[in-house]
Amino acid sequence: MKDNQLLSLFGYFALLSLFAVGGANAAIPEMHRIAVEVMHWMSDRQFADSFAIAQVSPGPNIIIVTLIGYHVAGLPGAAVATIAMCGPSCIVAFLVARTWDRFKEARWRIAIQAGLVPVSLGLIAASAFVLARSADHNIYAAITTGLTALVGFATRINPLWVFALSGLLGLTGWL
Amino acid sequence: MTPEEFNEAFALSQFLPGPNVVNFSVVFGSRFGGVAGAAVALAGLMGPPLIIVTILAMLYARFGDLEMLGRILIGITAAAVGLLIAVVAKMAAPLFRTRWDWAPLIAIAAFIGVAIMQWPLPLVFVVLAPISVACAWVTR
């Protein structure tokens, strides 16, 4: 049973690794779909919690997969999920980095770069949508999201300040 | 590394699949020392955060049911969603402002497919990415 869990973790995240154009933020909806809807590894709430923990931890946000992996199968799960999510894309990055410079001016390269931007944009917007559904349960939470969006858009504030404040609002029972 | 090379490596890691910062560390490290350089850069980037997040995972497994912790995390998620919306707005601004053509349509289609229809991401990607790249090819 446990081996099956590890295999599923590896299979899903390794595949996702190759399609997550736009990084961790673009991969959130698919992670949510698999972990909550398809595999029932965790509740909607636990997924949102994992996302929040990954946001406040140092390092790349993609370490949400480490949290999901740990939740599913302990330390082996954490290791397998992390390696599956980073391995395939790292190999691609390594191979592409060696040849990419040669095609700097190539028309197909410019088309690929320009063509992938709107796809990642749609995926990141989908992340916001999926997470908003589990986080914004009342009007104050929705207002917090709206205000943070404005602040994030207009300033270059360190997100940790925003998280400290919103965490405090949550703690005191506003959200 | 010159500033130009840095920008180039950065742009490359933005649109490669997978985690951007992780990609960047691989591209960056491989410029200096091939496979070994990439491995060292990756280990340096991921090592310490992985230890911290594993400890957090253990704490969450132990204390995740505490109502207090849950309330803090829900507050953080509400704000983090706001920051995601800000990222979307920043990315969308140039796309929607300069020309209302295929690009916003692709973004909206990707959003509907993944967020509303809840189709698998690889499926949505395999359908939309070639269309989008073809559009970029034709309109240039």
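Before going on, a word on what we are looking at. This is a predicted model, in which local features need pLDDT of at least 70 and side-chain atom pairs count only at pLDDT 80 or more, while totals for chains, interfaces and linings use all residues. Residues are numbered from 1 along each chain as its sequence is written, and chains are lettered from A and ligands numbered from 1 in the order in which they are written.

Let me turn to chain A. Its secondary structure comes to seven helices and zero strands, where helices (H or I, at least four residues) and strands (E, at least two) are DSSP runs numbered from the N terminus. The C-alpha atoms of chain A fill a box of roughly 55 × 50 × 25 Å along the principal axes, and 53% of the 175 residues in the chain are buried. Of the contacts in chain A with a separation of 6 or more, 62% are between residues 24 or more positions apart; a contact here means that the C-beta atoms of two residues, placed from the backbone, lie within 7 Å.

As for domains, whose bounds come from an automatic or database domain assignment, chain A has domain 1 (2-129) and domain 2 (136-175), with C-alpha centres that lie 25 Å apart. Chain B is divided into domain 1 (1-63), domain 2 (64-93) and domain 3 (99-140), and the C-alpha centres of its domains 2 and 3 lie 26 Å apart.

Now to the place where the chains meet. In total, 85 residues of chain A are in contact with 72 residues of chain B, and on the chain A side α5(A) gives the most, with 24 residues. By class, that side has 57 nonpolar, 22 polar and six charged residues, if we count Ala, Val, Leu, Ile, Met, Phe, Trp, Tyr, Cys and Pro as nonpolar, Asp, Glu, Lys and Arg as charged, and the others, Gly among them, as polar.

Helix α5(A), residues 107-135, packs against α4(B), residues 102-116, at an angle of about 40 degrees, with their axes 7 Å apart; the axes are lines fitted to C-alpha atoms, for helices over the stretch in contact, and angles run from 0 to 180 degrees between N-to-C directions. That angle makes α5(A) oblique to α4(B), since angles under 35 degrees count as roughly parallel, over 145 as roughly antiparallel, 65 to 115 as roughly perpendicular and the rest as oblique. The contact is made by residues including A:F129 and A:V130 of α5(A) and B:F111 and B:V114 of α4(B), and by class it has 17 nonpolar, one polar and no charged residues.

Within chain A, the axes of α3(A) and α5(A) come within 9 Å and cross at roughly 115 degrees. Here A:D44, A:R45, A:F47, A:A48 and A:F51 meet A:L131, A:S134 and A:A135, giving five nonpolar, one polar and two charged residues.

I will close with two loop residues. A:H40, in the loop between α2 and α3 of chain A, has a phi near 50 degrees, a positive value in a residue other than glycine, and A:H40 is exposed, with 9 other C-beta atoms within 10 Å. B:Q118, in the loop between α4 and α5 of chain B, has a positive phi of about 55 degrees although it is not a glycine, and B:Q118 is partly exposed, with 16 other C-beta atoms within 10 Å.

Technical notes
Buried ≥ 20, exposed ≤ 12 C-beta atoms within 10 Å, placed from the backbone.
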